[in-house]
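Thanks for coming. I will take one model today and go through it chain by chain.

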Amino acid sequence: MSEYAALSLEAARRVALSVVAATIRRTTLMWVLLRLLLAFVSVLSGVSPLGGWRHSITAVLVTAAFVVYDARRLNERVFAENLGISERGIAAISLLFAVLLEILLLAARLLPGA
Amino acid sequence: MSPGTDAVFTADSFGVSFRGRQILKSATAWTRAGSVTAVLGRNGCGKTTLIRAALGLGRRDFGIVHFADRTWDRPRLSALARRGLFYLPDRGLLSWRRTVDWHFRAMGPITNSQIDRAAIEGLEIEQFRSRKAKTMSGGERRRAELALALTRQPICLIADEPLAEVSPRDRVLVSNAIRRLAAKGCAILVTGHEVDDLLNLADLVVWMVGGTTHWLGTPEEARTHVQFRMDYLSSTRTYPGSGGDTAC
């Protein structure tokens with residue numbers, strides 16, 4: 001392992017929280033906006049605003065596409081890459097978070113009275 | 001002229017097209033250990049496009065990178081950085097919500113005796129180290145970004161317009177810091193339009209025009225290159241070493 005790679009591992013630990021925070025903030029915003037749009041379409045169609053599994057898949061896929069695109073625009077991304085943290089890692093964090101949000105929504109549907 | 005075997009970083013024969021428009025046909029830029037290469041060219045000629053394509057940050061049709069004794073046919077900045085490259089983009093290296101000090105802490109503990117502290121202090125960033133990037137001027141951000149680069153002690157620095165938005169006095173500070181970094185053996189590639197400062201700073205000059213690159217040699221040779229003076233400098237000034245005649 002080169003000296004720079006060793007420095008990168010240390011830096012990754014330090015920078016990760018900032019990159020994750022920026023990524024999660026933007027992913028959540030995108031996901032909420034998309035979900036509101038889907039809910040609006042659902043209400044117009046006369047079905048539940050929460051939608052079904054098709055809505056969940058759509059929300060995850062569209063959010064994933066957004067975050068992969070968005071990861072290239074983050075200031076934090078260039079700084080993180082300069083420290084050896086890959087763009088794919090940043091995008092993967094966003095995608096995992098979008099999936100987590102959908103799982104939470106599915107879980108909310110299963111609650112009694114939902 | 002070819003890059004030669006002593007080039008530390010070479011962006012070799014890059015071609016980039018966008019929406020049917022050929023931006024780069026075959027552009028090559030390189031830099032050697034301990035020297036500064038300046039890539040000059042008009043706005044929109046593709047300087048930033050070449051750098052971003054060579055670092056995997058932008059699209060490319062073809063082109064390879066030679067760096068750290070390896071050939072990279074699919075270069076990625078993160079992988080190049082792990083081998084000792086640092087990229088100073090034309091804007092947006094610092095996180096706007098974070099202080100300069102936070103960025104320094106993220107770079108790791110500054111305990112290495114090889115770090116040129118005098119060069120970092122020479123950038124005069126102490127007065128705004130505790131401020132967030134979004135509250136700083138363009139020139140202050142530039143100096144802070146360069147100080148971060150110095151902290152990383154790269155073997156190669158790619159700096160896109162390091163003198164942009166920087167006042168004349170601060171350009172001297174930035175130029176001195178870049179020269180000190182080169183003196184320690186770092187290979188540096190810079191772009192920009194501050195011709196006088198860049199020609200004073202550079203050891204080698206590459207001119208980008210028509211989607212390709214032309215090796216002009218030393219700054220003195222560049223100043224006397226008739227086509228370069230006509231098409232890029234387009235100045236009536238007399239440049240030192242130009243033989244006393246003026247450019248068109």
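I will start with confidence, then the two chains, then a few single residues.

This is a predicted model, and it scores ipTM 0.80 and pTM 0.79. Chain B averages a pLDDT of 87, and 89% of its residues score at least 70. There is one stretch of chain B to set aside: over residues 241-248 the pLDDT stays under 50. The model has 18 contacts beyond four places in sequence for that stretch. Where pLDDT is low, the predicted coordinates should not be read in detail.

Chain A first, briefly. Chain A has 114 residues, of which 32% count as buried. Of the contacts in chain A with a separation of 6 or more, 73% are accounted for by residues 24 or more positions apart.

Chain B has nine helices and 10 strands. Of its 248 residues, 49% count as buried. Take the contacts in chain B between residues at least 6 apart in sequence: 65% of these join residues at least 24 apart.

Next, the domains. Chain B is divided into domain 1, residues 7-217, and domain 2, residues 220-248. The C-alpha centres of domain 1 and domain 2 of chain B lie 26 Å apart. The contact between them takes 10 residues from domain 1 of chain B and eight residues from domain 2 of chain B. Which elements supply the domain 1 side? Helix 7 (195-201), strand 9 (204-209) and strand 10 (212-217) of chain B each supply at least two residues. Strand 9 of chain B gives the most, with three residues. By type, that side of domain 1 of chain B has seven nonpolar residues, two polar and one charged.

On to the core. The largest nonpolar core has 89 residues, and the members that touch the most others are Cys156(B), Leu157(B), Ile158(B) and Ile188(B). Both domain 1 and domain 2 of chain B give residues to this core, so it lies between them. As an example of the packing, take Leu157(B). Not counting residues up to four places away in sequence, Leu157(B) touches Phe86(B), Leu88(B), Ala149(B), Leu181(B), Cys186(B) and Ile188(B).

Now helix 9 of chain B, residues 226-233. Its buried residues are Phe228(B), Arg229(B) and Tyr232(B). Why do I put them on the same side of helix 9 of chain B? Because they cover an arc of only 105° around the axis. On the other side of helix 9 of chain B, Val226(B), Gln227(B) and Met230(B) are exposed. What do the buried residues of helix 9 of chain B pack against? They pack against strand 3 (36-40), strand 9, strand 10 and helix 8 (219-223) of chain B. After helix 9 of chain B comes Ser234(B), with a positive phi near 45°.

Ala68(B) has a phi near 55°, a positive value in a residue other than glycine. Ala68(B) lies in the loop between strand 4 and strand 5 (70-72) of chain B, and it is partly exposed, with 18 other C-beta atoms within 10 Å. Glu124(B) is a residue other than glycine with a positive phi, near 50°. Its place is in the loop between helix 4 (117-122) and helix 5 (138-152) of chain B. With 14 C-beta neighbours inside 10 Å, Glu124(B) counts as partly exposed.

Two residues remain. Gly56(B) is in the loop between helix 1 (47-54) and strand 4 (62-67) of chain B. Is Gly56(B) buried or exposed? Gly56(B) is buried, because 20 other C-beta atoms lie within 10 Å. Leaving aside neighbours within four places in sequence, Gly56(B) is in contact with Pro75(B), Arg76(B) and Leu77(B). The C-alpha atoms of Gly56(B) and Gly92(B), 36 residues apart along the chain, are separated by 17 Å.

Last, Pro168(B), which lies in helix 6 (residues 168-183) of chain B. Pro168(B) counts as exposed, because it has 9 C-beta neighbours inside 10 Å. Pro168(B) and Asp197(B) are 29 residues apart along the chain, and their C-alpha atoms are separated by 9.2 Å.

Definitions and conventions: Residues are numbered from 1 along each chain as its sequence is written. Chains are lettered from A and ligands numbered from 1 in the order in which they are written. This is a predicted model: local features need pLDDT of at least 70, side-chain atom pairs count only at pLDDT 80 or more; totals for chains, interfaces and linings use all residues. Domain bounds come from an automatic or database domain assignment. Two residues are in contact if their C-beta atoms, placed from the backbone, lie within 7 Å. Helices (H or I, at least four residues) and strands (E, at least two) are DSSP runs, numbered from the N terminus. Ala, Val, Leu, Ile, Met, Phe, Trp, Tyr, Cys and Pro count as nonpolar, Asp, Glu, Lys and Arg as charged, and the others, Gly among them, as polar. A nonpolar core is a set of buried Ala, Val, Leu, Ile, Met, Phe, Trp, Tyr and Cys residues joined through C-beta atoms within 7 Å. A residue is buried if 20 or more other C-beta atoms lie within 10 Å of its own, exposed if 12 or fewer, and partly exposed in between; C-beta atoms are placed from the backbone. The arc is that of the directions from the helix axis to the C-beta atoms. pLDDT is the predictor's confidence in each residue, from 0 to 100.
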